[in-house]
Amino acid sequence: MAEPVLEVKNLRVEFPTRRGTLVAVDDVSFSIAPGEVLGVVGESGAGKSMTGSAVIGLLTPPGRVAAGEIRLMGRRIDKLPYGEMRKIRGRQIGAIFQDPLTSLNPLYRIGDQLVETILTHLPMTKAEARARAIGLLKEVGIPGAEDRIDHYPHQFSGGMRQRVVIALALCCNPTLIIADEPTTALDVSIQAQIITLLKRLCAEHGCSVMLVTHDMGVIAETADRVAVMYAGRIAEIGPVRDVIKHAHHPYTRGLMGAIPTISEREGRLNQIDGAMPRLNAIPRGCAFNPRCPEVFDRCRVDRPDLMRAGGSLAACWKAEEAVNG
Amino acid sequence: MAETMLKVEGLKRYFDVSPPWLNRVLDGSGRRVVHAVDGVSFSIERGETFSLVGESGCGKSTVARLVVGLYDPSGGQITFEGADLSGAAARRKHGDKQSRMQMIFQDPYASLNPRWRVGRIIAEPIRFKKLIQGGDKIKARVGELLSLVGLSPADADKFPHEFSGGQRQRISIARALAGQPEFLVCDEPTSALDVSVQAQILNLMAELQAELGLTYLFISHNLAVVHHVSDKVGVMYLGRLVEWAETRTLFGRPLHPYTRMLLDAIPDLDMSGRSRTPVAGEVPSPINPPSGCSFHPRCPLANERCKREVPQSLTVPGGAVACHAVQEGRLPPWHGGTVAAAE
Ligand SMILES: Nc1ncnc2c1ncn2[C@@H]1O[C@H](COP(=O)(O)OP(=O)(O)OP(=O)(O)O)[C@@H](O)[C@H]1O
Ligand SMILES: Nc1ncnc2c1ncn2[C@@H]1O[C@H](COP(=O)(O)OP(=O)(O)OP(=O)(O)O)[C@@H](O)[C@H]1O
Ligand code: SF4
Ligand code: SF4
Ligand SMILES: [Mg+2]
Ligand SMILES: [Mg+2]
């Protein structure tokens with residue numbers, strides 16, 4: 001098998017606070033192969049964005065990688081000095097953040113930001129860089145790109161800003177794209193366009209993508225594999241079809257059941273009752289046990305690790321039972 | 001008879017995005033104006049949910065901001081409970097009415113004051129409107145609101161940056177509810193939330209509506225969510241409302257070619273192999289909108305008249321639509337293939 005583009009092993013992200021240390025990401029391992037799209041879904045606050053930020057070396061202090069390894073094309077990158085990581089970030093890893101405003105400086109025209117990024121990483125003249133910037137803006141579907149390139153971020157709608165950020169992430173043909181909710185602010189048609197674009201990049205440049213999103217429709221269409229996170233851990237990971245159609249973890253099944261559909265209009269949406277535990281009060285045993293409809297004694301005592309369940313891995317004692325018959 | 005809560009007539013908002021004066025003189029370019037909202041009319045009855053959908057940049061958030069008075073209209077009228085609220089002076093006169101509206105913003109990052117603790121953020125509308133007196137009582141109410149949106153009362157002591165995207169969105173929902181609004185403008189309220197929290201929030205919104213008779217203007221690009229929550233749906237294209245209808249009607253027999261295109265682009269979760277039809281063509285620039293019907297460059301039914309003449313809104317059973325093909329009776333029947341007509 002080809003060497004993975006990204007390999008994350010036993011990653012742990014901690015936040016020291018006045019009230020003790022919070023573990024936002026706990027023993028998370030996964031890898032992404034060349035050209036592969038790994039979808040990441042899960043409860044809000046489960047640690048999806050933290051995992052992405054750890055990979056690109058942009059955890060906001062006091063958050064820090066407390067344990068584990070991150071490798072890009074075999075090279076360890078979690079301990080690199082800031083300057084070196086910065087080079088990797090613009091050139092080899094493109095980042096699309098959940099919050100478009102963090103990536104766009106409100107005081108600069110969007111064209112200046114694109115051109116500057118291109119010039120920092122690629123050998124081009126200013127005019128070439130500007131032409132490339134306009135081309136990218138067109139590619140992400142900004143109408144009137146020639147005019148719009150000289151506008152400031154606040155002059156764009158929410159969705160258009162997000163597309164500018166996507167252009168910014170793509171501008172140096174990265175090998176890995178970390179996309180944190182890239183299409184959340186976008187309507188279905190632009191979403192389809194962006195997804196098609198991301199897929200094309202994967203196919204043409206062998207570029208890999210870690211795609212964090214809440215939209216199962218997007219995952220179903222784009223991802224090869226999907227990881228489901230809950231309370232800082234991976235609850236289930238496997239090929240996208242298996243996870244969507246034959247989920248092994250009760251939390252994944254709850255998520256799938258909560259999706260509104262157009263073909264049927266229920267009075268009330270199915271919800272998973274209760275809330276995800278706070279990071280300083282994760283229950284003993286399985287973190288999902290207070291909300292799990294299938295909980296049994298062992299779940300309240302022992303914490304399940306990921307174990308084989310059909311074509312996937314699931315962290316659930318029930319999955320183990322099913323396998324062992 | 002149902003009582004009209006909000007009425008919007010011919011609403012317009014233009015933004016001047018011209019280059020600086022000197023540049024205009026030097027390169028001879030003219031003024032550039034974005035017609036973000038260009039003559040939108042609709043009305044919302046008390047206790048109902050009206051949703052706006054449409055491609056990114058079509059003017060949904062601008063309509064929302066106009067309605068709650070964050071922008072002044074360039075033209076048209078906003079009437080809320082019979083009072084004219086178009087323009088700053090009119091709004092001051094009816095300050096009591098204005099304060100019955102609250103808005104949940106599309107961008108939870110930009111809308112929370114980063115230097116305030118969450119408890120203070122949520123208590124602000126309570127203090128401002130003097131809804132509850134006394135620090136302890138306010139604190140208890142804040143804790144209650146936090147629990148309502150699935151956070152914990154102890155979260156009141158934290159700052160916004162200590163929360164994930166979806167958690168921040170829930171803080172802004174709690175803040176909006178704190179002001180006990182009767183009319184709530186929700187701009188993409190759940191787009192940052194995972195589906196299980198989304199289900200909790202949508203169920204909560206439905207419960208509040210049933211108990212307190214809240215009225216919602218709801219904006220979302222997620223058509224399944226819109227289908228679930230709305231009584232009526234309006235479809236916007238380049239600053240105009242091209243169709244509105246009762247939810248069942250809109251999803252069951254969409255008329256406007258653009259509405260049909262949107263419904264065909266809904267992502268497929270069943271993985272049944274139906275390839276979703278991507279919406280063809282580019283969204284034109286709102287600075288230079290196409291002549292006539294602004295949808296004509298992308299419309300399979302466009303003819304010469306469409307290029308010349310702006311279609312007027314035509315009342316049809318259960319809604320209205322602005323399209324020459326409908327008016328001329330040359331609209332093909334809806335295939336109804338992808339979306340099962342609701343019942
Ligand atoms: N600065 C901080 N101090 C303490 N805790 C933090 C801080 N930043 C984030 N957290 C916590 O870390 C956890 C993981 O956050 P993260 O942003 O990764 O969630 P997420 O899975 O991306 O959620 P969402 O889907 O809502 O964006 C959350 O519970 C959050 O409250
Ligand atoms: N303050 C502003 N200055 C200049 N142009 C603006 C301003 N606000 C909005 N616009 C423009 O008006 C148009 C409509 O923007 P709006 O934010 O209402 O879109 P939207 O329908 O909410 O889109 P999205 O789904 O992406 O949030 C866009 O072309 C946008 O660039
Ligand atoms: S381990 Fe037990 S509590 Fe946890 S998900 Fe499985 S059945 Fe539920
Ligand atoms: S008016 Fe003409 S161009 Fe516009 S939607 Fe109708 S048929 Fe298409
Ligand atoms: Mg996040
Ligand atoms: Mg908007």
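**Close-up views of a predicted model**

**View 1. Thr4(B) and Glu45(B) are bridge partners, the latter in β2(B).** This is a predicted model, in which local features need pLDDT of at least 70, side-chain atom pairs count only at pLDDT 80 or more, and totals for chains, interfaces and linings use all residues. Residues are numbered from 1 along each chain as its sequence is written, chains are lettered from A and ligands numbered from 1 in the order in which they are written, and side-chain values use heavy atoms, leaving out hydrogens and water. Strand β1 (residues 4–16) of chain B pairs with β2(B) over ten bridges, in the antiparallel sense. Here, two strands pair if DSSP finds at least two bridges between them; helices (H or I, at least four residues) and strands (E, at least two) are DSSP runs, numbered from the N terminus.

**View 2. Four strands of chain B form an open sheet in the order β2-β1-β4-β5, with antiparallel pairing.** At the edges stand β2 (33–45) and β5 (83–84) of chain B, each with a single partner strand, so one side of each has no neighbour in the sheet. Helix α2 (residues 60–67) of chain B packs on this sheet and touches β1, β2 and β4 (75–80) of chain B; contact means heavy atoms within 4.5 Å. The direction of α2 makes about 120° with that of β1(B). Axes are lines fitted to C-alpha atoms, for helices over the stretch in contact, and angles run from 0 to 180 degrees between N-to-C directions.

**View 3. An open sheet of eight strands in chain B has the order β6-β7-β8-β3-β9-β10-β12-β11, with mixed pairing.** Its edge strands are β6 (101–104) and β11 (314–316) of chain B, each pairing on one side only. Within the sheet, six bridges join β9 (residues 232–237) of chain B to β10 (residues 240–246) of chain B, and these strands run antiparallel. Look for Val233(B), which stands opposite Ala245(B) in β10(B).

**View 4. Ligand 4 has 13 residues around it.** Those that come nearest are Cys293(B), Cys299(B), Cys306(B), Cys323(B) and His324(B). A residue is near a molecule or strand if one of its heavy atoms lies within 4 Å of it.

**View 5. Helix α4 (residues 110–121) and helix α7 (residues 158–170), both of chain A, have axes that come within 9 Å and cross at roughly 15°.** In this contact, Ile110(A), Gln113(A), Leu114(A) and Thr117(A) of α4(A) meet Val164(A), Ala167(A) and Leu168(A) of α7(A).
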